Amino acid sequence: MQAKRHVESLGVLEPKDRMRALINFSSAVEVDPSVPPRRYYRSGLEMVRMANVYLDEGSLENALVLYLKFMTLFLEKIRHHPDYANVPPSEKQQNQFYLREILPKAENLKTRLLEQFTKEYNQYLIDVKRHQAEDKRRRELEKERQKKRSVEVGTDVWPTSDIAIQPLDDLGGIYYPDPNVPSAPPADDEGSSKSISTTPSIDRATKPATNSVTIPTPTLTKPGLRTVVIPSKVMTHFLTLSHKSTMNNIETCGILAGKLERNNLIITHVILPKQNGTSDSCITMNEEEIFEYQDQHNLITIGWIHTHPTQTAFLSSVDLHTHCPYQLLMPEAIAIVCAPKYEETGFFILTPNYGLSYISNCKKSGFHPHPTEPPLFMNAEHVKVDGNAALEVLDLR
């Protein structure tokens, strides 16, 4: 029991508590009244697609988190949306189909993960107890060596509390993950340079710098943004297709869609919908065509792209409001702005700590002033441009 009490004092959760923390984390879903409910239904479909990918890749915690978020959203939260009654019955029916499919999957995952958590926790207790015993033996040996040295030099040497202890090996390769941060499969080496890991990492090849017993403990951090991989062809193809409109000082917009693979969001398609553009705005039309194509190819929405024919690359007040729902539904969603006149390309997101909340609460429409400080948007640091990645373009105009 001594080892168990020591582990608890370090903040390591028991298996049931760890599962409870994971469920609480997954239930933290909010519905923004300014986002049309149909967007939530579309996002829910894509959540299921991503969860299925995580499940196939063996990332069980990430899969469970998404399944639970889906269940919380559509069994509880969406019903309180002011426009819930306007959701077409066909979409509600499809959603019910996915709920019936997900419920047994989530229960099965809970059982599997609880077994995994229990195994990891028991191994952790064994390793802590073993290291405590080794530490005790080292201290006893050090006392014996000091006593022997005192006899040899003919003087008394009192044992000190600052005993040098050799650094221990890691706890048998066991790392007890933070229950608030779902685990993720290893990222692709090529796509890892700018990615932010969704779980704390420990370099087990590096020993502690000081001669002390080091026991890894959970770090209570929030998961970071997954890397968005952008084929360089996105910008060149899009600028080519929008050239005519650009010459006529008319904006062009498109949807960025793709897939989830090894915890990276990879853009594989650019879809140009039917649209009406002006010199400083662009409105998509016939969204059903986009949805149908994405469903046929099992694609998820990763962001959007548009041109600024005569201006620099930035997010206007209208752009900020256009992008807000994308990022509310997927934190990694990006807005690409191409400014051919100035040969600029910007990869932007709303600032997570301020801009996203500010814009979601701003009820003004059209072009209107926003404060510039603190910044409402920023350069997206979680993107990676890949010159070799494949790309498909669909022009529905």
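User: Where do I start? How many helices and strands does the chain have?

Analyst: Start with the overall inventory. This model is predicted, and the chain has ten helices and eleven strands. Buried residues make up 45% of the 397 residues. Then look at the contacts: of those with a separation of 6 or more, 78% come from residues 24 or more positions apart.

User: How do I read a single helix? Say, how many residues of helix 4 are buried?

Analyst: First the general idea: an α-helix has 3.6 residues a turn, so residues three or four places apart point the same way. Now the case here. Helix 4 covers residues 60–77 and has 18 residues. From first C-alpha to last it reaches 24 Å, close to the 26 Å expected at 1.5 Å a residue. This helix is mostly covered, with 16 of its 18 residues buried.

User: Okay, what about aromatic rings? How many aromatic pairs are there in the whole structure?

Analyst: In general, a pair of aromatic rings is described by the distance of the centres and the angle of the planes. A search of the whole structure here finds six aromatic pairs. Take Tyr-41 and Phe-74: their ring centres are 5.0 Å apart and their planes are at 50°, so this pair is tilted. Tyr-41 lies in helix 3 (residues 37–57) and Phe-74 in helix 4, so the pair ties together parts that are 33 residues apart in sequence. Both Tyr-41 and Phe-74 are buried. Ring pairs also link Tyr-41, Phe-70 and Phe-74 into a cluster.

User: Why does the pair of Phe-97 and Tyr-98 count as edge-to-face?

Analyst: Check the angle. The planes of Phe-97 and Tyr-98 are at 70°, and the cut-off for edge-to-face is over 60, so the pair gets that label. Their ring centres are 5.5 Å apart. As for cover, Phe-97 is partly exposed at 45% relative accessibility, whereas Tyr-98 is buried at 18%.

User: Let's zoom in on one residue. Is His-382 buried or exposed?

Analyst: His-382 is in the loop between strand 9 (377–379) and strand 10 (383–386). With a relative accessible area of 1%, His-382 is buried. Its side chain reaches the backbone oxygen of Glu-332 at 2.9 Å.

User: What does the side chain of Asn-361 reach?

Analyst: That side chain reaches the backbone oxygen of Ser-357 at 2.7 Å. Asn-361 lies in helix 10 (residues 355–361) and is exposed, with a relative accessible area of 55%. Asn-361 and Ser-34 are 327 residues apart in sequence, yet their C-alphas are 8.1 Å apart in space.

Note on methods:
Residues are numbered from 1 along each chain as its sequence is written. This is a predicted model: local features need pLDDT of at least 70, side-chain atom pairs count only at pLDDT 80 or more; totals for chains, interfaces and linings use all residues. Side-chain values use heavy atoms; hydrogens and water are left out. Helices (H or I, at least four residues) and strands (E, at least two) are DSSP runs, numbered from the N terminus. Buried means under 20% relative accessible area, exposed over 50%, partly exposed in between (1.4 Å probe, protein chains only). A polar contact is a pair of N or O atoms within 3.5 Å; within protein, one must be able to donate a hydrogen and the other to accept it, and residues adjacent in sequence count only if both atoms are side-chain atoms. Contact means heavy atoms within 4.5 Å. The expected span of a helix is 1.5 Å times one less than its number of residues. Rings of Phe, Tyr and Trp (its six-membered ring) pair if their centres lie within 6.5 Å; planes under 30 degrees apart count as stacked, over 60 as edge-to-face and the rest as tilted.
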